[in-house]
Amino acid sequence: MTSTNTHENTSRAAAEKQFQGIPVSEIADTFGTPTYVYDSDVLRDGYQHLRGLLPASVGIFYSLKANPNVSICGYLNRLGAGAELSSHVELQTALQAGVAPEDIIFLGPGKTAEDLQACLDADIHAVVCESIEELHQLDQLATEQQFSDVRAMLRVNPDFHTKGSGLAMGGKPRQFGIDADILRSSASDIAQLRTVRVIGLHAYMGTRFLNHADVVHNTEQILSTAEQLSADLGIKLETLDFGGGLGIAYFDNEKDLDVEALTAGLSEAVAPFVARHPECRLIMELGRFLTARAGTYVTRALYVKESLGEEFVVADGGTNHHMAAVGIGSFVKRNFPIVSLSRYDEPTTRQYTLAGPLCTPNDIIGKRAALPPVQAGDLIGVERSGAYGPSASPVNFLSHGHPAEVLVHDGAAHLVRRRATVDDLLGPQQLIDF
């Protein structure tokens, strides 16, 4: 009898999803659910694979908006990534994570005076100005406070057609950047700067590119546009950020980028530019591509029920923690990869709609997802969830609060963000006397 139980327990453990040898049930029991689990081996392997194939002249900057956890940022920095960020808190995150100021750029269309001041105080590599007015505001602050060698880049909206983006940033009116035709006539504005030095340009054409040829095409056009603008504006190209936006496959019938073909095409595209501008620092900014595959959103099935012939799994976490899983930006809702973490190796013989705990019919993470038979207490995972998870979700809806975040590194699970408490949610509020 004892032998049979031992065999059954071993089989059950073998069927679980493991992170660097740690069963997911152990992580869930230790840190609770719902929880985001990140695997540093996946982060490392993805970064190093790309880094090893990219031209040495192209630096990788991590876009913190994809996942602003300080440990994720810190680990990618240890691997060699700089930081591209868009808020004062993200700036402090990068600095706390150990990113050197010369490896930080700050962009965003609505920087406040406090944001610009923080950039000056930190002496970052460059402020990416998204309007001529912002450029002059930065110059005024720097001059009044007698800063020296303040560096700025100009975000340009190129006037060529963007190819292949899941969310295009060019070719139509946008709140971002400066249109190329407007920028061409701004040489006199740049010449009036007293303290700020424009060291280069930034262009970001979109996100979720899955065809390497589209990325190569856009990069070639950005490099050409940058050379033309530098001549028109009389500035030396010391730094050029040609964007990134590399996608990963989430949905059926999507394929991941061919990284080998991508880097071969980029090498060919940048080689003549580098030959003409050997001292120019080239930056490729990446967020989703670096972190998405490394993350799994772990929820626990609370109830399994049927309604009008459809089977539902009601879990303890939902769209309040994973708004990206509802398919924002997609005309037709498609499922992220959804798996049974408790029965990871078992065949998917049933279809379940995975719902969260919220009092709204929109709290559906996946519709008719193929899973093994699910029981209450099972752990369900949404894979490829390391980007745009809790930070891009309404975590405080119905006061459920922020989930825990765990980074598995060197075979150990580390809590890198604790779960929100009642005090976290009620503490900032004030009850007045009535």
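Visitor: Which handedness does the β-α-β unit made by E5, helix H5 (residues 88–96) and E6 have?
Guide: Helices (H or I, at least four residues) and strands (E, at least two) are DSSP runs, numbered from the N terminus. A crossover is right-handed if, with the strands pointing away from the viewer, the path from the first strand over the helix to the second runs clockwise. The unit formed by E5, H5 and E6 is right-handed.

Visitor: What kind of model is shown here?
Guide: Residues are numbered from 1 along each chain as its sequence is written, and side-chain values use heavy atoms, with hydrogens and water left out. Local features need pLDDT of at least 70, side-chain atom pairs count only at pLDDT 80 or more, and totals for chains, interfaces and linings use all residues; the model is predicted.

Visitor: Which residue in E6 stands opposite Leu85?
Guide: Two strands pair if DSSP finds at least two bridges between them. E5 and strand E6 (residues 104–106) are joined in the parallel sense by 3 bridges. Opposite Leu85 stands Phe106.

Visitor: Are the residues of strand E5 (residues 82–85) buried or exposed?
Guide: Side chains in a regular strand alternate between the two faces of the sheet. In E5, Gly82 and Glu84 point one way, whereas Ala83 and Leu85 point the other way. Buried means under 20% relative accessible area, exposed over 50%, and partly exposed in between, with a 1.4 Å probe and protein chains only. By this rule, all four of these residues are buried.

Visitor: Through which helix does the chain cross from E4 to E5?
Guide: Strand E4 (residues 58–63) runs parallel to E5, and 3 bridges join them. Phe61 stands opposite Gly82 in E5. The β-α-β crossover from E4 to E5 is right-handed and passes through helix H4 (residues 70–79).

Visitor: How many residues apart in sequence are the parts tied together by Arg155 and Glu130?
Guide: A salt bridge is a side-chain nitrogen of Lys or Arg within 4 Å of a carboxyl oxygen of Asp or Glu, and the structure holds 23 of them. Arg155 and Glu130 form one, with their closest N and O atoms 3.3 Å apart. Arg155 lies in strand E8 (residues 150–157) and Glu130 in the loop between strand E7 (126–129) and helix H7 (132–144), so the separation in sequence is 25 residues.

Visitor: What is the relative accessible area of Arg350?
Guide: Arg350 forms a salt bridge with Glu311, the closest N and O atoms being 2.9 Å apart. Arg350 belongs to strand E18 (residues 350–355) and Glu311 to strand E16 (residues 310–315), so the pair ties together parts 39 residues apart in sequence. Arg350 counts as partly exposed because its relative accessible area is 33%.

Visitor: With which residue does the side chain of His402 make a polar contact?
Guide: His402 is found in the loop between strand E20 (379–382) and strand E21 (404–409), and counts as buried because its relative accessibility is 11%. A polar contact is a pair of N or O atoms within 3.5 Å; within protein, one must be able to donate a hydrogen and the other to accept it, and residues adjacent in sequence count only if both atoms are side-chain atoms. At 3.4 Å, the side chain of His402 contacts the side chain of Arg417.

Visitor: Is Ile432 buried or exposed?
Guide: Ile432 lies in the segment after helix H13 (422–426). Because its relative accessibility is 54%, Ile432 counts as exposed.
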